[in-house]
Amino acid sequence: MSNREAMLMTVLTRNASAHLVYLTHEVDGPTLHVHTQHAISATSLIIPLGLEHCRQVMHVTEQPSILRCRPNHFAVQNAHQQCQNEPIQLGTQIQPQGKDWVGTAGAPVHWLDGSQHDQYGVLSNWHVMADGSNGIGHTQHQPYDNHPAMAKLTNWSEVKCCATMYVDAAIADAKIDGYHTMARSILEIGQLNPTPLDASAGLLVMKSGRTTALTYGQVSATGAAVKVSYGDFTATFADQIVIDGGAEEFSAGGDSGSLVVGRDSKSPVGLLFAGGGGTTIANPIKRIMDMWGMDFAV
Amino acid sequence: MSKGTTPRQVVDRGAEKIGITFTEPQADIMSCLLAGLIAGLPCFLEAFMKCMAGGTTAGDYKPGDRNRCN
């Protein structure tokens, strides 16, 4: 953990009411942003050494939560919620067999299995494809279970309440009965530029997701510390990307698992997993790529 | 095509890692020559080089054309 990460995590944990903390670099110096659910005075904040000279800005916002939803929570409103025949474009809805939620099958990815064989599959979140599942091989469907499987859960990074987390990610093999179910493109975005892009404040981004379809936003901060509600528990994440959708919401329930890409480059930037109060949170995509030796299938 | 492998635990950066053990390639020149020959003369060099680099000539992306909605 870098020194800056450690300091932001300290602000988050020492100030119980804070749920999102990040630094921005303004003309007049570094600014510490602290989001809380209820208004508190900046003077009541407990700030660690190293950040005490930063300007402090308080925001009152809703705590971010994971963005999956019930299939009928939002009425069918776009092509991202329609069943597709093969090859299935991503940025569309996915549901683990036997579960009552949906999320987004975010992006086409490639990795090598234990025998160094090429594998092609779907990238989404742990809380979309794996949470409470039966483990490896758990089938993923276009809603509902009576549609044939489009992928089988292969690997995941479990999110737990009481440790510092960095990613909420899972991959599922899309080869079913000898053929791949998925296209190597994302609905409304098309083919990706497979070279990942580091997020930076001000970067213009977009995502294609199950509920709000194609939306545009801007990175407002990187390296953020955030507490995310998973319903049954709260998880604490470090080194996250914060995205602002401006006048329109960048994401809503059901968009979890969407890939955030550069608006001009179509390069992968982050994996969307939480949001609320006008902000969207994404894991840095390079962490996930490094963790599994994964790249993007184009 | 056979190829020797050595198990290696993946280092997990801060997140819990479950289930999968990845392996690191140990290219064997005879099996790579065989891989190149199987791929045919025009593709020999590409298959041979890919195999020697630890890649594989099997398991390419094969898009389906099946009805998934009825």
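Mentor: A residue is buried if 20 or more other C-beta atoms, placed from the backbone, lie within 10 Å of its own, exposed if 12 or fewer do, and partly exposed in between. A nonpolar core is a set of buried Ala, Val, Leu, Ile, Met, Phe, Trp, Tyr and Cys residues joined through C-beta atoms within 7 Å. This is a predicted model, in which local features need pLDDT of at least 70 and side-chain atom pairs count only at pLDDT 80 or more, while totals for chains, interfaces and linings use all residues. Residues are numbered from 1 along each chain as its sequence is written, and chains are lettered from A and ligands numbered from 1 in the order in which they are written.

Trainee: Which residues have the most contacts inside the largest nonpolar core?
Mentor: The largest nonpolar core has 83 residues. Those with the most contacts inside it are A:Leu8, A:Val21, A:Val122, A:Ala170, A:Ile171, A:Ala224 and A:Leu271.

Trainee: Which residues does A:Ile171 touch, not counting those up to four places away in sequence?
Mentor: Two residues are in contact if their C-beta atoms, placed from the backbone, lie within 7 Å. With that exclusion, A:Ile171 touches A:Val109, A:Trp111, A:Gly121, A:Val122, A:Leu123, A:Thr154, A:Asn155, A:Trp292 and A:Met294.

Trainee: How many of the seven residues of strand 9 of chain A are buried?
Mentor: Strands (E, at least two residues) and helices (H or I, at least four) are DSSP runs numbered from the N terminus. Strand 9 spans residues 118–124 of chain A and is mostly covered. Of its seven residues, the number buried is six.

Trainee: Which residue of strand 13 of chain A stands opposite A:Gly121?
Mentor: Strands pair if DSSP finds at least two bridges between them. Strand 9 of chain A pairs antiparallel with strand 8 (residues 107–112) over six bridges, and A:Val109 stands opposite A:Gly121 there. Strand 9 also runs antiparallel to strand 13 (residues 169–173) of chain A, joined by four bridges. In strand 13, the residue opposite A:Gly121 is A:Asp173.

Trainee: Is A:Gln116 buried or exposed?
Mentor: A:Gln116 is found in the loop between strand 8 and strand 9 of chain A. Its phi is positive, about 65°, although it is not a glycine. Because A:Gln116 has 20 C-beta neighbours inside 10 Å, it counts as buried.

Trainee: Is A:Asp177 buried or exposed?
Mentor: A:Asp177 lies in the loop between strand 14 (175–176) and strand 15 (179–180) of chain A. Phi of A:Asp177 is near 50°, a positive value in a residue other than glycine. As A:Asp177 has 9 other C-beta atoms within 10 Å, it is exposed.

Trainee: What is omega for the cis peptide bond from A:Glu86 to A:Pro87?
Mentor: A:Pro87 lies in the loop between strand 4 (65–66) and strand 5 (88–90) of chain A. The bond from A:Glu86 to A:Pro87 is cis, with omega near -5°.

Trainee: What is omega for the cis peptide bond from A:Pro143 to A:Tyr144?
Mentor: A:Tyr144 is in the loop between strand 10 (139–141) and strand 11 (149–158) of chain A. The bond from A:Pro143 to A:Tyr144 is cis, with omega near 10°.

Trainee: What pattern does chain B follow along the sequence?
Mentor: The secondary structure of chain B comes to two helices and three strands. Of the 70 residues of chain B, 11% count as buried. Read along the sequence, the pattern of chain B is β-β-β-α-α.
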